[in-house]
Amino acid sequence: MESEKRAELESFLEILPPVDFCCIYGSNLHQNNLDKTSMIDYIIGVQDPQQWHTENLNMNQNHYASWMVHLGGARLITNIADDIGVGVHFNPFVAYNDKTFKYGVVRMHDLIQDILGWERYYLGGRLQKPVHILVDNLDIENMNCVNLKAATSAALLLLPSKFSEACFFLIFQTFPVQKHGTYILLCMQEQLYAKICSLSYMGDLRMLFAEDRNKVKKIVQGQFNLFQTMYKPFLEEYAAKDLLRLSLSGDNEVNITQDCGLSTSCSLVSSLPQTFRSQMGIKLGEKKIFDESGRTVRELVITSKEEAAECMQKLLRRKVMVSSARQAVAGLMTVGVVHGFRYLGSKMRKAWKSWM
């Protein structure tokens, strides 16, 4: 990101209380000229949301719905976010320097839990897509690598054994992964990133009526190089382990083949968050085994890749459905009727355009 644009985006934080984490997400992240008509989206992490909102109400009371300010203030704002929503309070349509901003405030503990454990799979899903980090006091960027690797594994579980350039488009890149004296040419393609991107939209109620039906495709195509950069280390790792293989068909079409054997499927599942695997264990069953140190650990009982993928998909869909519904209700309550219908209206217009 250009230093001038970064400075412009960082300047918005100067009117807010101090934060421990801040990133920008969404399509506006990559626009050179930010305009008044589109919102710039921020995720802000703080240690104590109630204390932070108390300070922010003193500085920026106009960012909040008036009824919340007068009826309960910071305590009510935080309680609605925690008890009705998924721990995030959004302030949309904030005007600053001839631009419009939306920022969501989350407790750092909740953000970390969602990144590492997919507890609600809300912000964790957003951080599986390209973002630009402005503040990172707790090294969330490095912590998020666990989240990205888990997303890669989840996507591979859902993809077929072979996917080729016929699926959207294909880009080749050679990675210096030494294997038996040869270099592996790792083939990275849009289908994989589209599957990763779609994980956090499975079950999202907004996709039924308030989101662009081509949203996933547009996100991936518009930020393809950033997806490559984000996921390159994990694809290199899987290629080095022979979990992904490159092949040429008779008509010189390049295919990527992944090992769909039980051992590989178990390896992919093992990269999913521990708490999420425990939830899968309730459905699939678990067995006790001894690890290298002699300790007893629980391992999922998996009979096939298809079984593991179906179980994982059902759990993700349910998490996303519940989280999106809770956040939608909390959002309508906290932003007020006018802003709520204004935001919903803009989303629905985009959705109808994509369907038409």
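**Close-up views of a predicted model**

**View 1. The largest cavity of this predicted model has a volume of about 60 Å³.** By the rule applied here, three cavities of 30 Å³ or more are counted. The lining of the largest cavity includes Pro49, His53, Ile77, Asp82, His89 and Arg107. Helix H2 (49–60), helix H4 (73–83) and strand S4 (99–107) each contribute at least two lining residues. Of these elements, H4 gives the most, with four residues.

**View 2. Helix H1 (residues 3–11) has Lys5, Leu9 and Ser11 as buried residues.** Seen down the axis of H1, the buried residues fall within an arc of 155 degrees, so they line one face of the helix. These residues pack against strand S1 (21–25), strand S2 (39–46), strand S3 (88–96) and strand S5 (132–136).

**View 3. The largest nonpolar core has 47 residues.** Tyr193, Tyr231, Leu272, Met280 and Met312 have the most contacts inside this core. Among the helices that each supply at least two of its residues are H8 (190–198), H11 (224–240), H13 (274–284) and H14 (305–355). The largest share, eight residues, comes from H7, which spans residues 140–158.

**View 4. Tyr231 touches residues that lie beyond four places away in sequence.** The residues in question are Gln128, Leu148, Ala151, Thr152, Tyr193 and Ile196.

**View 5. A second, separate core has 28 residues.** Val46, Ile80, Val94 and Leu134 are included in this core. In soluble globular proteins, nonpolar side chains tend to be buried together.

Definitions and conventions: Residues numbered from 1 in each chain as written. Predicted model: local features only at pLDDT ≥ 70, side-chain atom pairs only at ≥ 80, totals over all residues. Heavy atoms only, no water. 1 Å grid on protein atoms, 1.4 Å probe; cavity = no way out; pocket = protein on both sides within 12 Å on 5 of 7 lines; lining within 4 Å. Points joined across faces, edges and corners; volume = space filled by probe spheres on them. Buried < 20%, exposed > 50% of the residue type's maximum accessible area, 1.4 Å probe, protein only. Arc of directions from axis to C-beta. Contact = heavy atoms within 4.5 Å. Core = buried A, V, L, I, M, F, W, Y, C linked by side-chain atoms within 4.5 Å.
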